[in-house]
Amino acid sequence: MTQATSPATHAISINPATGEQIGAWPWADSAAVDNAIALVHQGYRHWRGVALAERADALRRLGAALRNRGEEMAQMMSAEMGKPIAQARGEVNKSAALCDWYAEQGPAMLGQQPTQVEQNKAVVEFRPLGPILAVMPWNFPLWQVLRGAVPMILAGNSYLLKHAPSVMGSAWLIEELFRDAQIPTGVFAVVNATPEGVSQVIADDRIAAVAVTGSVRAGAAIGAQAGAALKKCVLELGGSDPFIVLNDADIDEAVKAAVAGRYQNTGQVCAAAKRFIVEQGIAETFTRKFVAEAARLKMGSPRDEENTLGPMARYDLRDELHQQVEESIAQGAELLLGGYKVEGAGNYYAPTVLGNVTADMTAFRQELFGPVAAITVARDAEHALELANDSEFGLSATLYTGDEALANDMAARLECGGVFINGYCASDARVPFGGVKKSGFGRELSHFGLYEFCNVQTVWKDRH
């Protein structure tokens, strides 16, 4: 790699399926960062005065622009981070549907809410906060951006995206889509900022708030800076989600969901099932069927329609995952499938299953961000619940059982932001998404996500 495109001077996008460089973009210096802040500040000053109905129409145009260039967007994501092409197209369609949903439902959520305060009238208004900095990850290059940007922009805010360096091609394409939708300049903008540049943005008085999706380390660092600047911050961080299977579960359905939930996006999902906690009465059968189903997954070029597993997004992440697997085996876990880097071109890691995982092992304690499943046996339902909550993370959890009353009781005691009973984790515009503990705080999506970046203003009338 030449000095002109070194990581010290450029954000570099590498195709993880081939190792070939896709593009390189120079890091924004202090002046460029300031220009980006000024752009979204001016964009906000205009956009906040645009009628809510017009902002909703802009989201409809954005959804149409996504569909118009959907294949281009899908191919870009597949090339930059190895997402299987069918899943990339699904991400585009889901993002377009998000635009439509907020365009239809959002205006009513932002409408004036009257109330009575003794004999006096008061109303609650939802006002924009201002320009929002969003620091976003590489694993869902489009959906992660839009699930925050769409409600923020509908509310009248502007949005400054600092995307992951490895998917900057996707970032610039998203910016083009906003232009295609004829959304005014400065309502959405991209800045290719270094960590120092991010600090500069957060410290600037023109920036109102910060949203972060990423690692615990990144969230803690950026959240601390936002707190020091007294700015609202929403964090969606890591997860090591439990997938509980009890003795009375439909094993075949549980296995099907477990494999789909673990290996989607090549296992690179914050809210994916990662720790499979299975009651001992069915553990042997579940494990055997899970391994057989995982072994049938097809790995290869993400642009091949038949493949369900692509390469991992970066070589360093594959190395880290392999180290976690080897540590767990050394600690006593049983390697049931995979456990190796695939030789040859590309950043492929074999679908892997670890059995006999206990709560003191690396595979249980740490997040496995790749195609590795860890299976732990629980004595009974209460022990399964105890194991599920024995984590620093609390993003979501899945529970398979035929006992509805038990499921409801366990859901109430699971320490996480979302519980999925007899179905694996998903996100949807209509319901809030987010976590507790070190998985972060605040919510995205639904009206909860819409209100996160509003000034919820009380207006009293005729108060004597």
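**Salt bridges and the domain contact**

A: Start with Arg 147, which forms a salt bridge with Glu 444, the closest N and O atoms being 2.8 Å apart. A salt bridge here is a side-chain nitrogen of Lys or Arg within 4 Å of a carboxyl oxygen of Asp or Glu. Arg 147 sits in helix α5 (residues 143–154) and Glu 444 in the loop between β19 (440–441) and α15 (446–452), so this pair ties together parts 297 residues apart in sequence. Helices (H or I, at least four residues) and strands (E, at least two) are DSSP runs, numbered from the N terminus. The structure holds 28 salt bridges.

Keep in mind that this is a predicted model: local features need pLDDT of at least 70, side-chain atom pairs count only at pLDDT 80 or more, and totals for chains, interfaces and linings use all residues. Residues are numbered from 1 along each chain as its sequence is written, and side-chain values use heavy atoms, with hydrogens and water left out.

Now for the domains. An automatic or database assignment sets the bounds, giving domain 1 (11–236 + 439–460) and domain 2 (241–426). Into their contact (heavy atoms within 4.5 Å) go 22 residues from domain 1 and 30 residues from domain 2. Together the two domains bury about 2100 Å², 54% of it on carbon and sulfur atoms; that's accessible area (1.4 Å probe) lost on being put together, summed over both parts. On the domain 1 side, Pro 16, Trp 138 and Ser 439 lose the most area to domain 2, together 26% of what that side buries.

As for charge pairing, there is one salt bridge between domain 1 and domain 2. Arg 89 also pairs up in a salt bridge, with Glu 305, their closest N and O atoms 2.5 Å apart. On the side of domain 1 that touches domain 2, α3 (70–81) and α4 (85–109) each supply at least two residues.
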